[in-house]
Amino acid sequence: MIRLCREDEFDIICEIINDAATAYRGVIPDELCHDPYMPREELRQQLESGITFWGWVERDELVGVMGIQPVQDVTLIRHAYVRTAHRGRGIGGELLSFLRRQTDRRVLIGTWADADWAVRFYEQHGFRRVGTGEKERLLHKYWGVPQRQVENSVVLAEAGTNVK
Ligand SMILES: CC(C)(COP(=O)(O)OP(=O)(O)OC[C@H]1O[C@@H](n2cnc3c(N)ncnc32)[C@H](O)[C@@H]1OP(=O)(O)O)[C@@H](O)C(=O)NCCC(=O)NCCS
């Protein structure tokens, strides 16, 4: 079942992100893969910046989360994480399809360039990587991430859509 995450689930959201993000260890550059990957203060800032988290719940337990954030004229999918033990069962796919139905705007997703499983996951759902110049422009315009992160990221857009 998919539902909006509650405020009192802050700790569990943080825990799910940090559990799932262990997938990045040894894959993305060490200096970008700090421990914990998502410190509590950073998650607090992300929520304050307007990210809304939806969760996949099984037997009253949150096992996957995905965030959605309207920014200017687009919608960003932020922080897609499914507990390691529950991956590959279609939960991420259900959450992604659900979030896409919550918006009429163009949907953009940013992820680590080296996380090929994540890129493949989004491609299977109809997203395509944008070119390098476009990626840099979009990351600066909509995410405002540091340059080092820009260099190591990719942006995916729904196939067939042009981003202004
Ligand atoms: C990326 C992520 C969110 C996807 O969530 P997920 O629940 O594993 O995704 P799904 O199960 O819907 O799809 C993943 C794979 O399982 C397969 N799958 C989907 N439904 C399935 C099912 N019922 N049974 C078996 N496999 C299934 C999909 O075909 C896909 O295959 P692939 O490995 O060839 O890509 C999750 O793997 C994760 O948290 N990864 C680590 C963190 C990360 O990379 N996050 C993305 C950052 S933006």
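Is histidine 79 buried or exposed, and how many other C-beta atoms lie within 10 Å? Histidine 79 is buried, with 20 other C-beta atoms within 10 Å; a residue counts as buried if 20 or more other C-beta atoms lie within 10 Å of its own, as exposed if 12 or fewer, and as partly exposed in between, with C-beta atoms placed from the backbone. The model is predicted: local features need pLDDT of at least 70, side-chain atom pairs count only at pLDDT 80 or more, and totals for chains, interfaces and linings use all residues. Residues are numbered from 1 along each chain as its sequence is written.

View 1. Histidine 79 is found in strand S4 and has a positive phi of about 60° although it is not a glycine. Helices (H or I, at least four residues) and strands (E, at least two) are DSSP runs, numbered from the N terminus. Glutamine 72, in the loop between S3 and S4, likewise has a positive phi, of about 50°. Glutamine 72 is exposed, with 10 other C-beta atoms within 10 Å.

**View 2. A cis peptide bond.** Aspartate 35 is joined to proline 36 by a cis peptide bond, with omega near 0°. Proline 36 lies in the loop between H1 and helix H2 (40-48). Most peptide bonds are trans, and most residues other than glycine have a negative phi.

**View 3. The open sheet.** Seven strands with mixed pairing form an open sheet in the order S1-S2-S3-S4-S5-S7-S6; two strands pair if DSSP finds at least two bridges between them. Strand S1 (2-4) and strand S6 (127-129) stand at the edges with a single partner strand each, so one side of each has no neighbour in the sheet. The twist averages 30° from one strand to the next, where axes are lines fitted to C-alpha atoms, for helices over the stretch in contact, and angles run from 0 to 180 degrees between N-to-C directions.

**View 4. The S2 and S3 pair.** Strand S2 (residues 52-58) and strand S3 (residues 61-71) run antiparallel and are joined by seven bridges. Glutamate 58 has glutamate 61 in S3 as its bridge partner.

**View 5. The surroundings of the ligand.** The ligand is surrounded by 20 residues, the closest being Ala20, Arg87, Gly90, Gly92 and Gly93; a residue is near a molecule if its C-beta atom, placed from the backbone, lies within 6 Å of it. Strand S4 (74-82), helix H3 (91-100) and helix H4 (116-124) each give two or more residues to this shell. H4 gives the most, with five residues.
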